[in-house]
Amino acid sequence: LEAKEEFRHKTLATDVMRPRRSDPLLSVLTESRMTVEEVERLIADTTYSGFPVVISQQSPRLVGFVLRRDLIISLENARRHQEGVVSTSPILFTECDPPMSPSAPPAVKLRSILDLSPFTVTVHTPMEIVVDIFRKLGLRQCLVIQNGRLLGIITKKDILKHMAQMANRDPDSILFN
Ligand code: ADP
């Protein structure tokens, strides 16, 4: 995302974020209600570089963001080295352990790989500002929120594609300096 092109279009974060209306839903993890097996399946079924972590599917409030590669390493490690871990072991991103029955398999605790303050914008944030923030902070992705609910994600590549699209549509409005 080179800084030489100024982005002057009036588009908003909602115009660029994924998923689109026709896409499958955002792939998220929940902070305490998933099993090792479920997370492994999500990793196998998708290619995304990361996953937002939310409180629950019913309450899509953002807790943090976890990178795919960190998840893979941590799950492999837990399977190999943590005693008693099985497919039905719960995955916990929470600070405190929720109450569990003594016969339940041990939990895999992954809070340490969670980015607790991923960058967020709202659906109304102008893309001009989003582009500027990506450049200045060197972001790879940011999350899009509306009224506290997680709605989408914008990656650097999404922005590059959007810029190329806008440039094709209206070449005069991208200013080269
Ligand atoms: P890139 O955009 O660099 O290819 P990703 O592979 O992470 O990075 O994302 C591919 C596409 O999927 C992008 O359009 C992005 O907005 C979207 N995306 C990224 N993460 C998720 C996710 N967890 N759930 C749904 N869509 C996602």
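## Ligand surroundings

The shell around the ligand consists of Arg18, Pro19, Leu26, Ser27, Thr47, Tyr48, Ser49, Phe51, Ile153, Thr155, Lys157 and Asp158. Two or more of these residues come from strand E10 (149-155), and helix H5 (156-169) likewise gives two or more. By residue class, the shell has five nonpolar, four polar and three charged members.

This description rests on a predicted model.

## Overall build

The protein contains five helices and eleven strands. Along the principal axes, its C-alpha atoms fill a box of roughly 65 × 30 × 30 Å.

Of the 177 residues in the protein, 22% count as buried. Among contacts with a separation of 6 or more, 61% are between residues 24 or more positions apart.

Strands of a sheet pair through backbone hydrogen bonds, either parallel or antiparallel.

Strand E6 (residues 90-92) runs parallel to E7, and two bridges join them. Leucine 92 has lysine 109 of E7 as its bridge partner.

How values were computed:
Residues are numbered from 1 along each chain as its sequence is written. This is a predicted model: local features need pLDDT of at least 70, side-chain atom pairs count only at pLDDT 80 or more; totals for chains, interfaces and linings use all residues. Two strands pair if DSSP finds at least two bridges between them. Helices (H or I, at least four residues) and strands (E, at least two) are DSSP runs, numbered from the N terminus. A residue is near a molecule or strand if its C-beta atom, placed from the backbone, lies within 6 Å of it. Ala, Val, Leu, Ile, Met, Phe, Trp, Tyr, Cys and Pro count as nonpolar, Asp, Glu, Lys and Arg as charged, and the others, Gly among them, as polar. A residue is buried if 20 or more other C-beta atoms lie within 10 Å of its own, exposed if 12 or fewer, and partly exposed in between; C-beta atoms are placed from the backbone. Two residues are in contact if their C-beta atoms, placed from the backbone, lie within 7 Å.
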